[in-house]
Amino acid sequence: MTPSLFARELVARLAPILPPGFSARADGETIHIDAPDGVGAATSLAHIDPDDAEGEDYASAAWNALSMAQDVVSESGDAW
């Protein structure tokens, strides 16, 4: 699996469960989480080499993206 495909798949599962007004999108190998006020964050998966990646590499990337999403939501003051 390529980092771009993983980013798209993760966003497809994360976007529907974000609080109203928040959004998640994949732009190539980058995952973006945006708050309703326009503030957000992004993380890149470009460091993952699909020819040499192990499951732990993708698990770590998913953990980082979920942590980032939680930070964006909590910094907005919304409960999730």
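This is a predicted model: local features need pLDDT of at least 70, side-chain atom pairs count only at pLDDT 80 or more; totals for chains, interfaces and linings use all residues.

Q: How do helix 1 and helix 2 pack, at what angle and how far apart are their axes?
A: Helix 1 (residues 3-14) and helix 2 (residues 55-76) pack at about 45°, and their axes are 11 Å apart. That makes helix 1 oblique to helix 2. Oblique is what remains once angles under 35 degrees are called roughly parallel, over 145 roughly antiparallel, and 65 to 115 roughly perpendicular. Axes are lines fitted to C-alpha atoms, for helices over the stretch in contact, with angles from 0 to 180 degrees between N-to-C directions.

Q: Which residues make the contact?
A: From helix 1, Pro3, Phe6, Leu10 and Leu14. From helix 2, Tyr58, Ala61, Ala62, Ala65, Leu66 and Ala69. Contact means heavy atoms within 4.5 Å. By class, that gives ten nonpolar residues, no polar and no charged ones. Nonpolar covers Ala, Val, Leu, Ile, Met, Phe, Trp, Tyr, Cys and Pro; Asp, Glu, Lys and Arg are charged, and the others, Gly among them, are polar.

Q: How many salt bridges in the whole structure?
A: Two. The cut-off is a side-chain nitrogen of Lys or Arg within 4 Å of a carboxyl oxygen of Asp or Glu. One of them joins Glu9 and Arg13, at 2.7 Å from N to O. Both residues lie in helix 1, four residues apart, about one turn of the helix.

Q: Now the sheet. What is the strand order?
A: It is an open sheet of three strands, 1-2-3, with antiparallel pairing. Strands pair if DSSP finds at least two bridges between them. Helices (H or I, at least four residues) and strands (E, at least two) are DSSP runs, numbered from the N terminus.

Q: Which strands stand at the edges?
A: Strand 1 and strand 3 (40-44). Each has a single partner strand, so one side of each lacks a neighbour in the sheet. The twist averages 15° from one strand to the next.

Q: What joins strand 1 to strand 2?
A: Five bridges join strand 1 (residues 23-27) to strand 2 (residues 30-34). Ala24 partners Ile33, and Asp27 partners Thr30. Two residues sit between these strands in the hairpin, where Gly28 takes a positive phi near 65°.

Q: And strand 2 to strand 3, how many bridges?
A: Five, with the strands antiparallel. Asp34 stands opposite Gly40, and Thr30 stands opposite Ser44. This hairpin has five residues between the strands, and Gly38 takes a positive phi near 90°.

Note on methods
Residues are numbered from 1 along each chain as its sequence is written. Side-chain values use heavy atoms; hydrogens and water are left out.
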